[in-house]
Amino acid sequence: MKMNHLLSLGVIGATLVAGSANAEVRDIRIGVDVPYEPMEFRTPEGELTGFDIDLGNALCAEIGIQCEWVVQGWDGIIPGLQARKYDAIMSSMTINEQRREQVLFSDPYITPPSAWFAPGDVEIGTPSDETLEGLTLGVQRGTLQDNYVTDMYGDVADVNRYATADDMVLDMDSGRLDAAFLDFPIGKSTLLDSGAGDYKVVGEKVTEPKEYFGEGFGIAFRQRDKELAAAFNEALATLKSDGTYDEIHATYFGEE
Amino acid sequence: MDALMTWLETALADNSIFTLQTLGYYGEGLVTTVQLVFLSLIIGLVLAVPLAIGRGSTYRWVSLPIFLYCYVFRGTPLLVQLYLIYYGVVFVDGIQETWLWVILEKPFVPALIAFTLNTAAYTTEIFRGAIKSTDRGEIEAARAYGMSKGLMLRRIVLPSAFRRALPAYGNEVIFMLHASAIASVVTIMDLTGAARFVYARFYAPFDAFLFVAAIYLCLTFGILYLFRYLERRLLAHLKPASG
């Protein structure tokens with residue numbers, strides 16, 4: 001009797017997952033914070049697009065599951081994962097030890113440097129305690145750039161923390177900010193390539209120390225979803241070897 | 001002082017969130033919040049008295065603009081007003097070249113302006129109500145004494161109106177304290193800004209926000225106590241006479 005029930009449950013279960021190639025991994029929702037060009041943003045028509053979105057969709061297709069994107073503000077993005085509002089985060093999230101205590105990371109899928117950006121008419125030497133003293137610096141609240149700038153220059157400069165990168169660009173346009181510290185690709189596309197104003201990169205691109213800048217961007221999962229992370233790692237390796245990854249990379253960052 | 005610091009260090013030794021650094025952020029946030037709320041309430045109060053008198057004027061060219069001002073500022077969210085004043089002014093051409101930019105560049109003054117205009121609108125309405133509900137007999141008596149309008153306002157109407165407005169105004173003060181929590185959206189590190197910083201850095205919403213909630217509770221308690229004291233002193237004549 002009991003066996004029969006179990007058997008029929010199994011049959012139903014098997015039918016339900018028949019659409020996916022991998023029986024352990026279900027369709028999932030992925031949390032993302034927009035806009036953060038060119039990693040994730042909306043087209044003028046309102047469609048989500050960007051490097052993360054395209055790569056995420058390609059990964060899901062490779063695994064054989066349906067992925068739905070959920071837009072979530074950055075400063076609540078990890079609590080949202082734990083509250084099961086979505087099952088993964090793919091939103092330019094840098095892998096570091098602090099975050100690793102909260103979430104399980106995939107292998108890094110891209111490693112971008114951070115950089116200082118300033119309006120063209122602002123004269124700043126190579127960033128240091130002396131050159132940044134008394135200036136107003138912009139960062140996005142809760143980012144690794146926020147931690148880095150707060151710890152390195154919080155005592156000598158004013159640090160303005162913004163909820164979105166757009167607010168920061170607006171204050172840079174208006175002359176309220178002397179410099180902003182951003183992921184390089186994001187700064188390049190929102191400031192340098194936007195044609196909105198005259199901006200420049202100040203100093204070298206920054207990737208050290210590792211305790212702030214981590215090991216690159218990773219997809220975050222809940223700690224217990226080990227199979228899901230493994231499936232994404234496997235798919236990422238496949239896309240990197242078959243050239244799909246390079247194609248997507250070239251779309252957003254151009255040829256290296 | 002040194003003893004206090006050593007005590008703090010040992011008390012904080014075994015937690016990673018509330019370090020001296022983060023407590024410093026909360027401390028600075030507390031100062032900013034109190035400054036912002038206190039200044040906007042004082043300026044708002046000073047503005048509200050003439051506005052409340054003008055609001056009850058029989059001349060429509062006086063009362064109508066004040067009515068419109070109160071209507072707009074009570075009818076729109078404070079957050080929207082703050083955004084308009086902080087980000088909106090940027091779109092006025094050439095503002096960066098004028099002296100105005102010196103005060104509008106940093107977020108403090110735009111926030112102060114938004115909060116002041118908002119609380120002045122509410123306080124105006126509170127006072128207007130109190131002035132309107134002045135006992136007719138008192139006004140008739142004042143007229144019978146031959147008091148001029150100004151003298152009557154100063155000696156009879158306003159003193160009793162302020163007393164009657166006190167409990168409602170105490171509420172407004174508390175609302176203002178709590179409304180000031182939105183200052184962090186324009187990058188001000190107030191109490192809530194400090195809590196959001198700690199939350200985003202350590203991914204610890206409960207610790208960060210419960211701690212800041214406790215600070216707000218203490219502030220509210222202080223305000224309640226102050227107004228209780230004022231009411232006891234100024235409204236003593238309304239208490240039932242004791243044996």
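Guide: We begin with contacts: two residues are in contact if their C-beta atoms, placed from the backbone, lie within 7 Å. The model before you is a predicted one.

Visitor: Among contacts in chain A between residues at least 6 apart in sequence, what percentage joins residues at least 24 apart?

Guide: Of those contacts in chain A, 73% link residues at least 24 apart. As to burial, 40% of the 256 residues of chain A count as buried.

Visitor: What is the average confidence for chain A, and where is the pLDDT below 50?

Guide: The pLDDT is the predictor's confidence in each residue, from 0 to 100. Chain A averages 83, and 89% of its residues score at least 70. Residues 9-23 of chain A have a pLDDT below 50, and this stretch has eight contacts in the model beyond near neighbours in sequence.

Visitor: How is chain A divided into domains?

Guide: Domain bounds come from an automatic or database domain assignment. Here, domain 1 of chain A comprises 25-111 + 215-253, while domain 2 covers 114-213. Their C-alpha centres lie 25 Å apart. Where the two domains touch, twelve residues of domain 1 are in contact with 13 residues of domain 2. The domain 1 side of chain A consists of six nonpolar, four polar and two charged residues.

Visitor: How should I read the strand order of a sheet?

Guide: Chain A has eleven helices and twelve strands. Five of the strands form an open sheet with mixed pairing, in the order β9-β8-β10-β7-β11. Strands β9 (158-162) and β11 (199-206) of chain A are the edges, each pairing on one side only. From one strand to the next, the twist averages 30 degrees.

Visitor: How many bridges join β7 to β10 in chain A, and which residue stands opposite A115(A)?

Guide: Strand β7 (residues 114-119) and strand β10 (residues 179-183) of chain A run antiparallel and are joined by four bridges. Opposite A115(A) stands L182(A), in β10(A).

Visitor: Which helices lie across these strands?

Guide: Among them is helix α6 (residues 144-153) of chain A, which lies across β7, β8, β9 and β10 at about 150 degrees to β8(A). Helix α8 (residues 184-192) of chain A lies across β7, β10 and β11, running at about 125 degrees to β10(A).

Visitor: How many residues of chain B are in contact with chain A, and which helix of chain B gives the most?

Guide: The size of an interface is often given as the accessible area lost when the parts come together. Counted by contacts, 13 residues of chain B meet 15 residues of chain A. Helix α9 (residues 191-202) of chain B gives the most to the chain B side, with five residues. That side has eight nonpolar, two polar and three charged residues.

Conventions
Residues numbered from 1 in each chain as written. Chains lettered and ligands numbered in written order. Predicted model: local features only at pLDDT ≥ 70, side-chain atom pairs only at ≥ 80, totals over all residues. Helix = DSSP H or I, 4+ residues; strand = E, 2+ residues; numbered from the N terminus. Nonpolar A, V, L, I, M, F, W, Y, C, P; charged D, E, K, R; others polar. Buried ≥ 20, exposed ≤ 12 C-beta atoms within 10 Å, placed from the backbone. Pairing = 2+ DSSP bridges. Axes fitted to C-alpha atoms, helices over the stretch in contact; angles between N-to-C directions.
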